[in-house]
Amino acid sequence: MLLSGCSATPEPRVIVKTEYQKQVIPVFLIRDTAVPNIPQQGATNAQLVEYMASMENALNNCNIDKKSIRQWQNHTQPPP
């Protein structure tokens, strides 16, 4: 009696190796945002308005950088 199941060659083994690469956020997206100078005591209303406009501009720049980081992150990550 012959056992044909024992004589078959085994199937080749498949080895899967996962490699991770660290992605670094581009430097231009993580630079500090310049903080406007605080007006001196006794500043005029016009100076305070200018200061608040500068603060709003700095906040907008920060939000633009964060949005750019999210876009970069979504672009560099492999699809699920």
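Helices (H or I, at least four residues) and strands (E, at least two) are taken here as DSSP runs, numbered from the N terminus. The structure is a predicted model, in which local features need pLDDT of at least 70 and side-chain atom pairs count only at pLDDT 80 or more, while totals for chains, interfaces and linings use all residues. Residues are numbered from 1 along each chain as its sequence is written, and side-chain values use heavy atoms, with hydrogens and water left out.

On this basis the protein contains two helices and zero strands. Its accessible surface (Shrake-Rupley method, 1.4 Å probe; for residues, only the protein chains shown count as cover) comes to about 8,100 Å², of which carbon and sulfur atoms supply 56%. Of the 80 residues in the protein, 8% are buried; buried means under 20% relative accessible area, exposed over 50%, and partly exposed in between (1.4 Å probe, protein chains only).

Helix H2 covers residues 45–76. With 32 residues, H2 reaches 47 Å from its first C-alpha to its last, close to the 46 Å expected at 1.5 Å a residue; the expected span is 1.5 Å times one less than the number of residues. Tyr51, Ala58, Ile69 and Trp72 are buried in H2, and helix H1 is included in what covers the buried residues of H2.

Ala58 counts as buried because its relative accessibility is 12%. Contacts (heavy atoms within 4.5 Å) link Ala58 to Thr33, Ala34 and Pro36, leaving aside residues up to four places away in sequence. Ala58 and Ala34 are 24 residues apart in sequence, yet their C-alpha atoms are 6.9 Å apart in space.

Beyond residues up to four places away in sequence, Thr33 touches Ala58, Asn61, Cys62 and Asp65. The pair Thr33 and Asp65 is 32 residues apart in sequence and 9.4 Å apart in space, C-alpha to C-alpha.

Asp65 also belongs to helix H2. With residues up to four places away in sequence not counted, Asp65 touches Leu29, Arg31 and Thr33. Asp65 and Phe28 are 37 residues apart along the chain, and 8.7 Å separates their C-alpha atoms.

At the surface, Val35, Met52 and Met55 form a nonpolar patch with about 290 Å² of accessible area together. Patches are made of residues with over 30% relative accessible area and no salt bridge, with like charges joined within 9 Å and nonpolar side chains (Val, Leu, Ile, Met, Phe, Trp, Tyr) within 5 Å. Met55, a residue of helix H2, is partly exposed because its relative accessible area is 31%.

Finally, the structure holds one salt bridge, defined as a side-chain nitrogen of Lys or Arg within 4 Å of a carboxyl oxygen of Asp or Glu. In this bridge the side chains of Lys17 and Glu19 meet at 3.8 Å, N to O. Lys17 counts as exposed because its relative accessibility is 68%, and Glu19 is exposed, with a relative accessible area of 60%.
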